[in-house]
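Here is a short report for a first look. It takes up a pair of helices and then a sheet.

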Amino acid sequence: MGLLWQGIHRLASLRLTLVLLLLLALGVWLALRSELRTTWTLVVPLALVAINLSASLLVSPVFRRHPGLLVFHLALLTILLLVTAGRLTYLNGHVDVATGQAFEGRLTVQDGGPWHAGALASVSFVNEGFIIDYSPGQRRDRTHNRVSWQDASGERHTMVIGDNTPLVREGYRFYTTHNKGFAPIFIWEPADGSRPQRGSVHLPSYPLNDYRQAAEWTPPGAEQALWVMLEIEEEVLPADQVAHFRAPEAHHLLLRFDNNRQILRPGDGVEMAEGYLTYMGLTTWMGYRVYYDWTIHWLFAAAALGVAGLGWHYWAKYNRRPWRPRYVESETLRHRGAQTDAGVPTGDDTRASLPSRQG
């Protein structure tokens with residue numbers, strides 16, 4: 001038992017605290033500068049700091065004398081543990097969903113903790129369309145994206161989300177981003193007579209890539225890739241006035257495959273070796289940022305508890321020992337009064353009674 005208590009005392013060392021804080025700072029720096037997965041460079045220092053703080057709470061008598069300080073450090077320990085758990089189970093990702101299409105539980109890009117075990121595959125919603133306000137100079141303002149989904153009972157729900165107003169499903173938070181653009185819609189009829197399929201091509205983000213609206217696309221079940229470029233014949237976002245993001249009405253597609261070059265407008269089709277392709281029209285797509293961290297609300301509660309504990313500690317401290325006790329002021333005034341009655345000048349009177357020195 002004595003060896004155990006001695007070990008706990010060593011774990012509570014302030015020198016060890018300093019070393020661990022430096023290690024945590026290094027982990028944060030690596031996480032900010034590295035493009036590789038840096039979960040463990042943060043988790044390990046956080047866990048060690050939590051162990052050091054736990055040992056301090058056990059052996060330090062100051063926490064038993066000051067309950068407010070104890071509450072603050074317990075809240076700090078809770079925050080450390082929650083951040084550690086959050087880094088092990090978080091998920092960040094991005095996905096693009098065309099207007100009128102549904103998100104089906106798969107992300108285009110994602111990065112998450114090794115212990116993430118959420119239910120993203122069961123999340124589904126439909127992008128019903130969006131409006132983006134632009135100020136003169138093509139400055140993006142607010143985004144209003146209408147989405148819909150069905151709950152477990154089959155009831156349909158709708159809401160408007162944006163860059164700061166997320167759709168929350170199964171703990172996942174979906175935010176709109178500046179990444180959005182146009183998407184040509186096609187109907188592909190395979191030459192073997194199989195079922196026609198509908199597909200879309202997400203062109204590069206607009207207006208960031210306004211002169212590079214081209215992409216390669218392979219029809220469903222086909223082997224030949226197509227090169228598709230959108231030619232816009234009108235000004236979509238005038239730079240000198242307020243505007244709204246929208247798909248252009250006046251446009252055409254430039255389609256290339258093998259040595260063929262075709263210009264398509266809505267309703268036009270082209271015969272290919274593997275099937276028949278019909279251009280149906282142009283829609284838009286929205287890029288979503290997806291974030292998952294179950295610790296968010298618990299972190300807020302722990303932080304609020306820590307602030308309350310620290311406030312309790314300082315209130316008790318200064319309420320018990322005022323900054324300038326009243327009895328000190330009264331004793332000082334009484335002493336000065338006694339000196340004046342006895343004919344002894346005070347400090348101010350002494351300076352006033354000194355003879356002036358004549359040059």
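## Where two helices meet

Leu 16, Thr 17, Leu 20, Leu 23, Leu 24, Gly 27, Val 28, Leu 30 and Ala 31 in H2 touch Thr 41, Leu 42, Pro 45, Leu 46, Leu 48, Val 49 and Asn 52 in H3. Contact means heavy atoms within 4.5 Å. By class, this contact has 12 nonpolar, four polar and no charged residues. Ala, Val, Leu, Ile, Met, Phe, Trp, Tyr, Cys and Pro count as nonpolar; Asp, Glu, Lys and Arg count as charged; the others, Gly among them, count as polar.

## Basis of the model

This is a predicted model, where local features need pLDDT of at least 70 and side-chain atom pairs pLDDT 80 or more, while totals for chains, interfaces and linings use all residues. Residues are numbered from 1 along each chain as its sequence is written, and side-chain values use heavy atoms, leaving out hydrogens and water.

Helices (H or I, at least four residues) and strands (E, at least two) are DSSP runs, numbered from the N terminus.

## How the helices cross

H2 spans residues 14-33 and H3 spans residues 39-59. They pack at an angle of about 160 degrees, with axes 8 Å apart. Axes are lines fitted to C-alpha atoms, for helices over the stretch in contact; angles run from 0 to 180 degrees between N-to-C directions. H2 is therefore roughly antiparallel to H3 (angles over 145 degrees count as such).

## The sheet

Four strands form an open sheet in the order S10-S11-S13-S14, with antiparallel pairing. Strands pair if DSSP finds at least two bridges between them. S10 (214-217) and S14 (260-264) stand at the edges with a single partner each, so one side of each has no neighbour in the sheet.

Six bridges join S11 (residues 226-232) to S13 (residues 251-257). Glu 231 stands opposite His 252 in S13.

Technical notes:
Angles under 35 degrees count as roughly parallel, over 145 as roughly antiparallel, 65 to 115 as roughly perpendicular and the rest as oblique.
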